[in-house]
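Hello,

Here is the structure I promised to pass on. Please open it first, then read the notes below.

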Amino acid sequence: MEEMRMVRVRFAPSPTGHLHLGSARTALFNWLYARHTGGKFLLRIENTDRVRSDTKFLEEILENLKWLGIDWDDEPIYQSRRFDVYREKAEKILARGKAYREGEAIIFKVEKGRSIELNDIIHGKITVNTDNIKDQVMIKSDGSPTYNFSCVVDDSYQEITHVLRGDDHISNTPKQILFYEALELKLPQFGHMPLILGPDGAKLSKRHGVVSVEEYKKEGFLPEALANYLILLGWFPGEDREVLSLNEAVKLFDINDMSDVQAKFDIQKLKWMNGEYIMKKKTEELLPLIKDRLLVAGFDISSVADDYISKIVGLYKIRMKTLAEFVELADFFFKDDFTVDEEGKKKHLDNEEKKESMRIFADRLEGLEAFSQEGIEEICRDIVEERGIKAAAVIHPTRMAISGKTKGAGLFEIMEVLGKEKVINRMKGLKR
RNA sequence: GCCCCUGUCGUCUAGCCAGGUCUAGGACACCGCCCUUUCAAGGCGGCAGCACGGGUUCAAAUCCCGUCGGGGGCGCCA
C-alpha cells in the first residue's frame, strides 16, 4: 500500500526570536527529507502572536536558513493573513455541535474515554487517552487562532504529507488529530525527532548560553560545519562517516535511520568540526570572511594588501577553530600594540643572555637582502652554532618579542610575512 | 501530581527490528609517544560504555517484565 503522493514537508518558524539551533536542525531534517525524496520543502510563518512577532526576526530567520544552505519551494504562507480561514473552520466545527463558545472564544469539546493512536515514523506506536486532554481552544477571545488549530488548518491547506517536528510536540499531536477528525481532513504522517539537550541534560535553551544560529554565525562558525554537526545529532549517515556536505547528506538521508533518543549538544565537537572545514577551505575563500572578522574587531585594513592577509590566513587556517579565533592568534600582524603573554615574557625575555642572542640575530637580519624564511633561518642556525646554544634559546625570545605569544605558526614564516622592518623594530624593543 | 517519550564509553553514535560473527566498532574530548622552534595539523597507541534486577533461551547489548534514572508536555505561547 505504498502511497505514491509526493512528499511535502514544511518548516514553520515563529518570528518571535532568533532561529534556535534546535529549530535549525528541524528545518535541516525536513529539507533533507524533501530533497532526498524529490518532494517539496515549504515554509509557513507562524506569526499569529501580533505582539511578539517582529519582521526583523523573520528576515533574520530566512537569512539564517539560506546561510545554512537551506532553500525552500514556493512562497512562504503567513498565518497572520489567514485569520478568516481559521474562524470559518472553527465556526464549521461549532455548527456541528462539537465546540462551544465561552466569552469570545471558540472551544473544541474533547470527547472523553477515547484512545488515540498515532504511528510515529520515529517512535513507532504512541497511544494517548483523551481523558488526559482538556477541551481545546481553537479561536481565542481576541480572534486569533491557537497554535494547534492553525497548525492543522494550514498543514492541511499546504497539503503536508509528513509533519516532522521536535519531540516536544508529541503531546500536541493527539489534540491535532482530534481537529483533523472534526474537520474530516486526511491525516499526514507524523515524525517526532528527539530534542537537542544542553550539557546539563535539559532542553537546550537560552540559559545554556549561545543557542541561536545568528550567534554561532557571529562567533565565526562556518555554515557547512554547523549544518553538518546539527544533522549528526540524531542521524547517522552510515559507514562511520561524519564529515559530509549537505549534498552528500541529501543522497544518504533516510528518515528511518533517525534516532529516537535525545542528544546533548557538544560545543567541543562542533568546534572540531568547524576547524576541519576551515582548514580544508581554500585560502581565497577564507579571505573575505577573515577580512570581515578584522573589520568587526575594529582593525583598519583599508591599506592592507589582500596578499598580506592571505599569507597570514595560510599560516593560521589549520590553527583556528573559529574565524573569531583568527583575530586573537594573529593580532600582531595588524597592530604594534598587540597583547603580550606576561608569563611567556618572563620565561623567554627576562634573561640577558637570550636578549643578547636576539640582539645579534636582529643585527644580522639588517644585512639580509631578501627577507625570506630560508634566509632568516640560516642566520638563526648560524648564530646558534657559533654561540653553542640551543635553537630554542633564540627562537622563543624572538617569537615573544615579535608576536607577544608563546605559540603560533612557525617563527621563520611569521617573520617573513611580518616583514623586515617590523621584525627588527620589535626585536630591538622599538615601537612598543 | 497526571500523561507521553527515552536509557551502549564523559559526549555524539554503530550494533538491537531478523539473539551467536561483540574479548561491543567509530568520532569528539582526555592521556601518552612520534614529528618538531612553540602551538596546531598529521601519524601511532591508550583510558573509558551495554543503568539495575528478574525472566525466555544452549546462547541476550540485542526478546519479555519490573525498578531506577533522564527528558518533554499538561497556556485563550508557538
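**Contacts with the RNA**

A phosphate oxygen of RNA strand B lies 2.8 Å from a backbone N or O atom of Gly 234. Keep in mind that this is a predicted model.

Bases are reached too. A polar backbone atom of Gly 408 is 2.6 Å from a base nitrogen of RNA strand B. Overall, sugar or phosphate accounts for 73% of the RNA atoms within 4 Å of the protein, and bases for the rest.

There are 55 residues around RNA strand B. Those that come nearest are Lys 134, Ser 171, Glu 242, Arg 319 and Arg 399. By class, this surface has 20 charged, 18 nonpolar and 17 polar residues.

Which elements each supply at least two residues of it? They are β7 (124–129), β12 (263–264), α9 (267–280), α16 (392–403) and α17 (411–418). The largest share, four residues, comes from α9.

**A helix pair**

Now look at α4 (residues 147–157) and α5 (residues 173–182). Their axes come within 9 Å and cross at roughly 55 degrees. The two helices are therefore oblique to each other. Their crossing is right-handed.

On the α4 side, the contact involves Tyr 147, Asn 148, Phe 149, Cys 151, Val 152 and Asp 155. They meet Lys 175, Gln 176, Phe 179 and Tyr 180 in α5. By class, the contact has six nonpolar, two polar and two charged residues.

Best wishes

Conventions: Residues are numbered from 1 along each chain as its sequence is written. Chains are lettered from A and ligands numbered from 1 in the order in which they are written. This is a predicted model: local features need pLDDT of at least 70, side-chain atom pairs count only at pLDDT 80 or more; totals for chains, interfaces and linings use all residues. Side-chain values use heavy atoms; hydrogens and water are left out. A residue is near a molecule or strand if one of its heavy atoms lies within 4 Å of it. A polar contact is a pair of N or O atoms within 3.5 Å; within protein, one must be able to donate a hydrogen and the other to accept it, and residues adjacent in sequence count only if both atoms are side-chain atoms. Ala, Val, Leu, Ile, Met, Phe, Trp, Tyr, Cys and Pro count as nonpolar, Asp, Glu, Lys and Arg as charged, and the others, Gly among them, as polar. Axes are lines fitted to C-alpha atoms, for helices over the stretch in contact, and angles run from 0 to 180 degrees between N-to-C directions. Angles under 35 degrees count as roughly parallel, over 145 as roughly antiparallel, 65 to 115 as roughly perpendicular and the rest as oblique. A crossing is left-handed if the near helix is turned anticlockwise from the far one by less than a right angle, and right-handed if clockwise. Contact means heavy atoms within 4.5 Å.
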